[in-house]
2 protein chains.
Amino acid sequence: MEENLPPGFRFHPTDEELITHYLCRKVSDTGFTSKAVVDVDLNKCEPWDLPAKASMGEKEWYFFSLRDRKYPTGLRTNRATEAGYWKTTGKDKEIYRSGVLVGMKKTLVFYKGRAPKGEKSNWVMHEYRLENKQPFTPAKVYHIHKML
Amino acid sequence: MEENLPPGFRFHPTDEELITHYLCRKVSDTGFTSKAVVDVDLNKCEPWDLPAKASMGEKEWYFFSLRDRKYPTGLRTNRATEAGYWKTTGKDKEIYRSGVLVGMKKTLVFYKGRAPKGEKSNWVMHEYRLENKQPFTPAKVYHIHKML
């Protein structure tokens, strides 16, 4: 239906909508997709290739991606691609719905090359996860854009 | 159709879309309305009454309004309501489409009371007009929101 949106209408979800309407559905049904948020493997995609993978979006793109473990027994996650890596910036933000904590938002910046000598790029990623005690949830939502 | 938008979809037009898709149509057909942009008389509405006049919008609202002349023979416009007045802030912004100037955007803030002793409020209005040589165009688009 997105092709038929009247002029000026766009996918501009709030943090809470992304979690409750998209991530919760994905977690309960990994087959769930929508035109607004499509599946992608973030470890296999460079940020500049992501816009072409999306079904919609002009300057901002939304994806589902599974999280990879860097080491099978560890808690660290693999945020590297062939060309570089995503590095966390700032503190995670708590996302509330009606006063209840429903998820967390982490912001990352893409660096070209290999840590710790990577070169900072203007690609930004916001990663949304459900709030629960387990370190890994089966899916996450990602919001990608370039810094202004 | 807006009632049937999937979660996270909203009316978030660019300046250029507001002018080319909404204001141009209104100017060529004053009977034109849409759910996203409805007619209102800004001289008869206080800003806090505007959200209820709109068909949609949570924190931002869009309207068409005709401009009133303050004096029949003058160029000054009447931006007063019963409770206060809208005062221009900053410089007008030029809006381009593919390098062509299509319109202008003026930003105003609402003051309670009477000039010059009004009390500044947190209501903001962006006024879009077509770019032409005449001082008055038959319609304008207004984007209203509260300051964060």
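## Ground rules

Residues are numbered from 1 along each chain as its sequence is written, while chains are lettered from A, and ligands numbered from 1, in the order in which they are written. Because this is a predicted model, local features need pLDDT of at least 70 and side-chain atom pairs count only at pLDDT 80 or more, though totals for chains, interfaces and linings use all residues; side-chain values use heavy atoms, with hydrogens and water left out.

## Where the chains meet

Let's start with the interface. Here 17 residues of chain A touch 17 residues of chain B, a contact being heavy atoms within 4.5 Å. Together the two chains bury about 1,400 Å², and 60% of that is on carbon and sulfur atoms. Buried area here is the accessible area (1.4 Å probe) that two parts lose on being put together, summed over both. On the chain A side, A:Pro7, A:Phe9 and A:Arg10 lose the most area to chain B, together 40% of what that side buries.

There are two salt bridges between chain A and chain B; the term means a side-chain nitrogen of Lys or Arg within 4 Å of a carboxyl oxygen of Asp or Glu. B:Arg10 pairs up with A:Glu17, with the closest N and O atoms 2.7 Å apart. B:Arg10 sits in strand β1 (residues 9–11) of chain B and A:Glu17 in helix α1 of chain A, so this pair joins two chains. B:Arg10 is buried at 10% relative accessibility, and A:Glu17 is buried too, at 14%. For these labels, buried means under 20% relative accessible area, exposed over 50%, and partly exposed in between (1.4 Å probe, protein chains only). A:Arg10 turns up again in a salt-bridge network with A:Glu58 and B:Glu17.

## Salt bridges inside each chain

Over all chains, the structure holds 20 salt bridges. One of them brings together the side chains of A:Lys105 and A:Asp15, at 3.3 Å from N to O. That pair links distant parts of the chain, 90 residues apart: A:Lys105 is in strand β5 (residues 100–112) of chain A, and A:Asp15 is in helix α1 (residues 15–28) of chain A. A:Lys105 is buried at 16% relative accessible area, and A:Asp15 is buried at 15%.

In chain B, the side chains of B:Arg129 and B:Asp92 meet at 2.9 Å, N to O. B:Arg129 belongs to strand β6 (residues 119–130) and B:Asp92 to strand β4 (residues 84–97), so the pair ties together parts 37 residues apart in sequence. B:Arg129 counts as buried at 19%, whereas B:Asp92 is partly exposed at 25%.

## A helix with a bend

Helices (H or I, at least four residues) and strands (E, at least two) are DSSP runs numbered from the N terminus. Helix α1 of chain B, residues 15–28, has 14 residues and reaches 19 Å from its first C-alpha to its last, close to the 20 Å expected at 1.5 Å a residue. That expected span is 1.5 Å times one less than the number of residues.

α1(B) bends by about 30° at B:Tyr22, taken as the angle between axes fitted to the seven residues ending there and the seven starting there. Buried residues of α1(B) include B:Asp15, B:Glu17, B:Tyr22 and B:Lys26.

## A hairpin in chain A

Strand β4 (residues 84–97) of chain A runs antiparallel to β5(A), pairing over eleven bridges; strands pair if DSSP finds at least two bridges between them. The two form a hairpin with two residues between them, and A:Ser98 in the turn has a positive phi of about 50°. A:Tyr96 stands opposite A:Leu101 in β5(A).
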